[in-house]
Amino acid sequence: MAKVIALVGSKGGSGKSSTAHLIAHGAGSLPRPINAVVLTTDPEEEPRDDPRRYLVRDARTPALLLAELEHWLAQDRILVLVDGAAARPDLDAVVQDVADMALLPYKPAAQDAERAVLNLERLAKAVALPTAWPRHPGTARRVRRWLEMVPEKRRMAPFPALSKLDGLLSAEGYQAAAYDLAAPARGLVLEVLARAGIDPAELEEPRA
Ligand SMILES: Nc1ncnc2c1ncn2[C@@H]1O[C@H](COP(=O)(O)OP(=O)(O)OP(=O)(O)O)[C@@H](O)[C@H]1O
Ligand SMILES: [Mg+2]
């Protein structure tokens, strides 16, 4: 069966698009790849169709999103990443109903953590993903309180700040970063699937 992960949270740079694309890139970079598709719901974002290890589809209106979901949910083995629906109340309802998990990225800053807490209250199924987190222990210690503001049960382990992420949404940037991002992206997709209770083997192409 198809599995759906929705990247949710307020509009404004929390990391929804980057995370959706990274998870999809990781899925396509596994030793036994998982087919993945990112559904772009942001009216300000131009969906790309440059060659990637996953597909990107235009879902920028409720009608398009519904049609895309219907199409992909009918497929047997596919991981669907819905990028950014929860900032749009009209899309919220649709996505929350079909998603196997809602993932709420947030960055290490006061306002971001506060917003994450509010969004978690609103979105009962959502799990927070602290992202762009410092690796350096000293710096990590300084942002620890933004981690602890979110109840431990409702968050995943922090995902590190990665360089080269900025280009991910452009064709040239993707080509330049695809190799270096593959390892962290593989780790991320496996962690997310584990948290959602999805066995990757359910999504892999069956062995010939
Ligand atoms: N793990 C990370 N490491 C480094 N930079 C990151 C990470 N995650 C996100 N970013 C950066 O944060 C910025 C905002 O991320 P992104 O565009 O994914 O957010 P968004 O939630 O989709 O925003 P919007 O609501 O505007 O669509 C980008 O410049 C992206 O490169
Ligand atoms: Mg976005």
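**View 1. Strands E2 and E4 side by side.** E2 and E4 run parallel and are joined by five bridges; strands here are DSSP E runs of at least two residues, helices are H or I runs of at least four, and both are numbered from the N terminus. Two strands count as paired when DSSP finds at least two bridges between them. In this pair, Leu 39 sits opposite Val 82 in E4. This is a predicted model, where local features need pLDDT of at least 70 and side-chain atom pairs count only at pLDDT 80 or more, while totals for chains, interfaces and linings use all residues. Residues are numbered from 1 along each chain as its sequence is written, with chains lettered from A and ligands numbered from 1 in the order in which they are written.

View 2. All five of the five residues in E4 (residues 79-83) are buried, so the strand is largely enclosed by the rest of the structure. Buried means 20 or more other C-beta atoms within 10 Å of the residue's own, with C-beta atoms placed from the backbone. Leu 79, Leu 81 and Asp 83 point one way, Val 80 and Val 82 the other. E4 also pairs with E1, again parallel and over five bridges, and there Ile 5 stands opposite Leu 81.

**View 3. The whole sheet.** Six strands make an open, parallel-paired sheet in the order E3-E2-E4-E1-E5-E6. Strands E3 (55-58) and E6 (126-130) are the edges, each pairing on one side only. On average, neighbours are turned by 25° against each other, direction ignored. At the E3 end, four bridges tie E3 to E2 (residues 36-40) in parallel, and Val 38 faces Val 56 in E3.

**View 4. Helix H1 crossing helix H7.** The axes of H1 (residues 16-28) and H7 come within 7 Å and cross at roughly 95°; axes are lines fitted to C-alpha atoms, for helices over the stretch in contact, and angles run from 0 to 180 degrees between N-to-C directions. The two helices are therefore roughly perpendicular, a label covering 65 to 115 degrees. Contacting residues (C-beta atoms, placed from the backbone, within 7 Å) include Leu 22 and Ile 23 of H1 and Leu 181 and Val 189 of H7.

**View 5. Around ligand 1.** Ligand 1 is surrounded by 17 residues, the closest being Gly 15, Lys 16, Ser 17, Ser 18 and Ala 132; to count, a residue's C-beta atom, placed from the backbone, must lie within 6 Å of the ligand.

Methods. Parallel < 35°, antiparallel > 145°, perpendicular 65-115°, else oblique. Contact = placed C-beta atoms within 7 Å. Buried ≥ 20, exposed ≤ 12 C-beta atoms within 10 Å, placed from the backbone.
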